[in-house]
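Thanks for coming. I will walk through one structure this morning, starting with a sheet and ending with some annotated residues.

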There are 2 protein chains.
Amino acid sequence: MERAVSGVRSKRVPGERDKATTVLSMVGLPARGKTYIGRRVARYLSWLGHPTRVFNVGSYRRRQIGASQPADFFAPSNKEGRQVLHDLAMTALDDMLVWLREGGEVGIFDATNSTKERRRLVEERCRKEGLPVVFIESFCNDPGVIEANVRDTKLKSPDYVDMDPDAAAQDFLRRIAHYESMYETLEDPNQSYIKIIDVGRQVILNRIHGYLPARLAPLLIDLHVSPRPIWLTRHGQSDYNRHGRIGGDPELSPAGEEYAKHLAEFVRKNAPRDQEVSVWTSTLRRTIQTATKITRSPRTWRALDEIDAGVCDGMTYDQVRIEMPDVWAARSADKFRYRYPRGESYEDVIQRLDPVIIQLERQRSPTLVIAHQAVLRAIYAYLMDRPPGECPSISVPLHTVIQLTPTAYGCEEKRFALPPNVEDQGAGG
Amino acid sequence: MERAVSGVRSKRVPGERDKATTVLSMVGLPARGKTYIGRRVARYLSWLGHPTRVFNVGSYRRRQIGASQPADFFAPSNKEGRQVLHDLAMTALDDMLVWLREGGEVGIFDATNSTKERRRLVEERCRKEGLPVVFIESFCNDPGVIEANVRDTKLKSPDYVDMDPDAAAQDFLRRIAHYESMYETLEDPNQSYIKIIDVGRQVILNRIHGYLPARLAPLLIDLHVSPRPIWLTRHGQSDYNRHGRIGGDPELSPAGEEYAKHLAEFVRKNAPRDQEVSVWTSTLRRTIQTATKITRSPRTWRALDEIDAGVCDGMTYDQVRIEMPDVWAARSADKFRYRYPRGESYEDVIQRLDPVIIQLERQRSPTLVIAHQAVLRAIYAYLMDRPPGECPSISVPLHTVIQLTPTAYGCEEKRFALPPNVEDQGAGG
C-alpha cells in the first residue's frame with residue numbers, strides 16, 4: 001500500500017473560502033444589540049478564515065471627545081453635536097476603508113446608521129473603492145429586550161462609569177429617544193440587507209446572493225444568549241494516548257474508563273435542574289465509550305472526528321520526526337495551515353466544524369461535547385474568539401472539562417480537572 | 001502502523017441528520033413557482049437523507065375530476081367548485097399525514113393555500129398529529145416571471161393539452177385572477193414561515209429555528225433557473241485506474257493527459273460565448289492535472305475529494321475481497337451506507353458535498369466539475385433527483401463529460417465520450 005508522501009502546505013485558500021472583500025454596515029437604534037451582532041459575525045467570519053474587524057463609532061467618540069456626554073448631546077437640535085458625531089463616523093469609516101485596502105477582508109462598520117441619508121453616504125464611499133455593502137439592521141421594539149440590553153451592556157460601558165444606575169438608565173433611554181425621532185428602517189428594495197427583527201424572530205434577507213452574506217443567515221436566525229453551559233472534553237485516556245500515537249480508533253485505557261465515570265458524576269452534579277443535557281461525540285470509539293455512563297445514544301457527529309493525520313495516522317510523533325523529516329519540518333513551520341499528506345490541516349478541520357458551531361449556537365440547554373484535541377481547539381478558538389492561527393497551541397488537556405458559558409460579548413471559562421490524573425503525551429487526539 | 005479494522009455499517013443516522021418530522025406547506029397564487037420550489041426542496045432534503053414527498057393537489061384534481069376545467073370552475077362564486085377543490089385538498093393532506101405516520105419525514109403540501117382560513121385548517125390537522133408546520137410562500141408580482149412560468153410549465157400541463165396556446169394562457173390568467181381576489185399573504189407573526197419574494201430577491205424567515213427549516217434558507221435565497229451547462233467529469237485515467245487500485249493520490253497516466261487535452265478542446269467548443277467557465281477540482285493531483293489545459297488556478301474543493309476508503313486506500317478490489325472478507329461482505333450488502341473502516345460511506349460523502357451543491361445552484365455561468373467517481377455519483381443523484389441509495393450504481397465512466405442543464409423541473413442530460421478510449425477497472429475514483 002504505497003501512498004504519495006508529499007508535504008502539502010495549502011498555499012492558496014481552499015475554494016470554499018475565496019476572498020470576497022465586503023463591508024457589513026450595522027443599522028439600528030442604540031441598545032438593539034448591534035455591537036453584539038457585529039462582534040459575533042466578526043468572530044464567526046474570522047474563525048472561518050476571513051480576516052474581519054469591527055470599527056465601532058462609539059469607541060471613537062469615547063476616545064476622541066470623552067465618554068461622558070449627556071443624552072442631549074445626541075439631540076437632533078444640537079447642530080454642533082451632530083457635526084461632531086458625523087465627523088467621528090466618517091473617521092471610523094475611512095479607517096475601515098484603509099484597513100480593507102491593506103488586506104483586510106470584511107469590515108464591520110458598527111454605528112447607528114439610522115437615516116437613509118447616512119446609509120447613502122456609506123454606500124457612496126464604499127462604491128468608490130469598489131466595495132459591496134451589506135446592511136445588517138437589528139430592529140426591536142420589545143421593551144424587555146431593550147431594558148435587558150441597557151442593563152447588561154450599556155450601564156457597564158465607560159459612558160456611565162461611576163454613575164447611579166437608575167440615572168444612567170434614564171439618561172440612556174433619553175439618548176435612544178433622540179435617535180428614534182430620526183430613525184428610518186431599511187426598506188430600499190435595491191439595497192443588499194439583512195434585517196433582524198426581535199432578536200431573530202423574523203429575519204429578512206434582501207438581495208443577499210454572494211457566498212459570504214448568504215453564509216451569515218444560519219447564524220443570524222438564532223441570536224439568543226441563553227446562559228447555558230457548554231462543556232468541552234476530550235475522551236478519556238486511550239491506548240494510543242498512553243503510547244503517544246496519533247489518530248487511530250483505539251479503545252479507552254482503564255484510566256480512561258475511570259474518567260468516564262467521573263465525567264458522568266460531574267454532569268449529574270452540574271447540570272441545571274429540569275434541563276436535558278445534550279451529549280455529542282465523534283464517531284470514534286474512545287468518545288462514544290467516554291459517553292456511555294451518561295447516555296447510550298449520544299449524538300454522533302462525523303464532523304467531530306479527530307483531525308485526519310493521513311499517512312501519519314497510527315504513528316508516534318517521534319516516528320514522524322525520524323521517518324518523515326520533510327513532513328515534520330513542514331508541519332513545525334506552520335502547524336495551522338499544514339495539511340498532513342492525504343490528511344487534514346487545522347484550516348480543514350474548521351471548515352467541517354461549521355455545522356457543529358451553528359448547532360451549538362442554537363442550543364438552549366447544556367451541551368457536553370466529547371471529542372478530540374485538535375477538534376476541541378478549533379471549537380474553543382471560535383467560542384473564546386481566539387485567532388484561528390493560535391489553534392495548535394491552545395491547551396486542551398486530557399481528563400479536564402472546559403466549561404464555557406456564553407455571555408453578552410463572549411464566554412466565561414472555568415476548567416475542572418477530574419481524576420484520574422494521567423500523563424499527556426501531547427498526541428493521540 | 002496497525003489500524004483498527006472493523007466493518008462499520010452506520011446503523012443510526014449520523015447526528016447531522018436527526019429525524020425531524022415536519023410538514024412544509026406551500027402558499028401562493030398559481031404560476032408563482034410553488035411546484036418548482038416544492039420539488040426542489042424535496043430533491044434537496046431527500047438527497048440529504050430525509051425521506052421527503054410532495055403531495056400536489058393539482059394532480060389530485062386532474063386524477064379525480066379530469067384535467068379540463070375552465071377558469072370559471074375556480075371562481076369564488078362557484079360554490080360547488082369550491083367544495084370540490086376543498087375536498088381534494090383535504091384528501092391530499094390526509095394522504096400526506098398517513099405517509100408521515102408510516103415513516104415519511106418531510107411532507108410537502110403543494111397547494112395554493114391562499115387564505116388564512118385554509119392555512120388554519122392545515123395547521124389544525126397537523127397539530128392533532130403533533131407535527132410542526134412551516135409555510136413556504138412564493139410571492140411575486142413581476143409580470144415577466146409569471147408569464148415565463150405560465151409559458152414554460154402551465155401550458156405544457158395536462159390541463160391544457162391540445163389547446164391553442166394563446167387561449168390556454170388567457171384561460172390560465174383568468175384562473176389566477178380568481179385566486180387573487182381571495183388571496184391573503186403570510187403575515188401572522190406567530191406562524192413559522194419562509195416567504196420568498198420575487199424569486200429570491202427578498203426572503204423573509206419568520207420563526208425559523210429548527211435544524212431542518214434553517215437548512216433550507218441557503219437554498220431558497222437563490223432560486224434562478226439560468227440555463228447554464230453543468231459539466232461533470234472524472235479526472236483523466238490515473239496510474240491507479242490502470243491497475244484497479246482504490247483511492248491514493250496518483251498522477252495522470254499518458255492516456256489521462258491525452259484526455260485533459262480533449263477536455264480542454266471540448267470546453268472551448270461548447271462554452272457559450274461571453275461566459276466565463278468556472279473550473280472546480282478536488283485537492284487531489286489527478287483532478288488538478290486534468291484541469292491544467294483549461295486553467296492554472298482551478299477552484300480546489302476538499303469537499304470534492306474522492307470517498308475516503310480508509311484502511312482500504314491503495315488496495316485493489318481483489319485485495320480487499322481476499323484480505324478483508326468481512327469488509328468486502330459488509331460493503332457488498334449495502335454499498336450506500338457502508339462506511340470503510342476509518343473511511344467514509346456514500347452518506348458521509350453527501351453530507352460534505354452540501355456546500356458544493358449550494359454553490360452549484362448559485363452559479364449562473366457554465367461550471368466544469370472535475371472530480372471522482374463516488375463524488376460525481378452523489379452530485380449526479382442530486383441534480384437528476386435519483387434516490388441517494390442508488391448512488392453506488394450510477395454510471396460515471398472515465399473520459400466522459402456528463403452535461404446537465406437545469407430546466408424548470410429537473411435537468412437535461414447529454415453524455416460525451418471523449419478520446420482516448422480506456423478500459424475502466426471500476427475502481428480508483
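Which residue in S12(A) does Trp231(A) stand opposite? It is Leu368(A). Before going on, please keep in mind that this is a predicted model.

That pair belongs to two strands of chain A, S8 with residues 230–234 and S12 with residues 367–371, which pair in the parallel sense over 5 bridges. On the sheet sits helix H14 of chain A, residues 373–383, and the elements it touches are S8, S12, strand S13 (400–407) and S14 of chain A. The direction of H14(A) makes about 155 degrees with that of S8(A).

Now the whole sheet. In chain A, 6 strands form an open sheet with mixed pairing, and the order is S10-S9-S12-S8-S13-S14. Strand S10 (299–300) and strand S14 (410–417) of chain A each have a single partner strand, so they stand at the edges and one side of each has no neighbour in the sheet. A further helix of chain A, H13 with residues 346–362, lies across S8, strand S9 (278–281), S10 and S12 of chain A. H13(A) runs at about 170 degrees to S9(A).

Next, chain B, and one strand there. Is strand S2 of chain B, residues 22–27, mostly covered or mostly open? Mostly covered: 6 of its 6 residues are buried. In a regular strand, side chains alternate between the two faces of the sheet. For S2(B), one side holds Thr22(B), Leu24(B) and Met26(B), the other holds Val23(B), Ser25(B) and Val27(B), and both sides are covered.

S2(B) also has parallel partners. With strand S4 of chain B, residues 106–110, the link is 4 bridges, and Ser25(B) has Phe109(B) as its bridge partner there. With strand S5 of chain B, residues 133–139, there are 5 bridges, and in S5(B) the partner of Val23(B) is Val133(B).

Last, the annotation. An unreviewed UniProt entry lists residues of chain A under "binding site", among them Arg234(A), Asp239(A), Tyr240(A) and Arg286(A). The listed residues spread over 53 residues of sequence but cluster in space, with a largest C-alpha distance of 14.0 Å.

Asp239(A) has a relative accessible area of 29%, so it counts as partly exposed. Tyr240(A) has 7%, so it counts as buried. Leaving out residues up to four places away in sequence, Asp239(A) touches Pro250(A), Glu251(A), Leu252(A) and Ser253(A).

Note on methods. Residues numbered from 1 in each chain as written. Chains lettered and ligands numbered in written order. Predicted model: local features only at pLDDT ≥ 70, side-chain atom pairs only at ≥ 80, totals over all residues. Heavy atoms only, no water. Pairing = 2+ DSSP bridges. Contact = heavy atoms within 4.5 Å. Axes fitted to C-alpha atoms, helices over the stretch in contact; angles between N-to-C directions. Buried < 20%, exposed > 50% of the residue type's maximum accessible area, 1.4 Å probe, protein only. UniProt positions renumbered as here; feature names shortened; annotations may be inferred.
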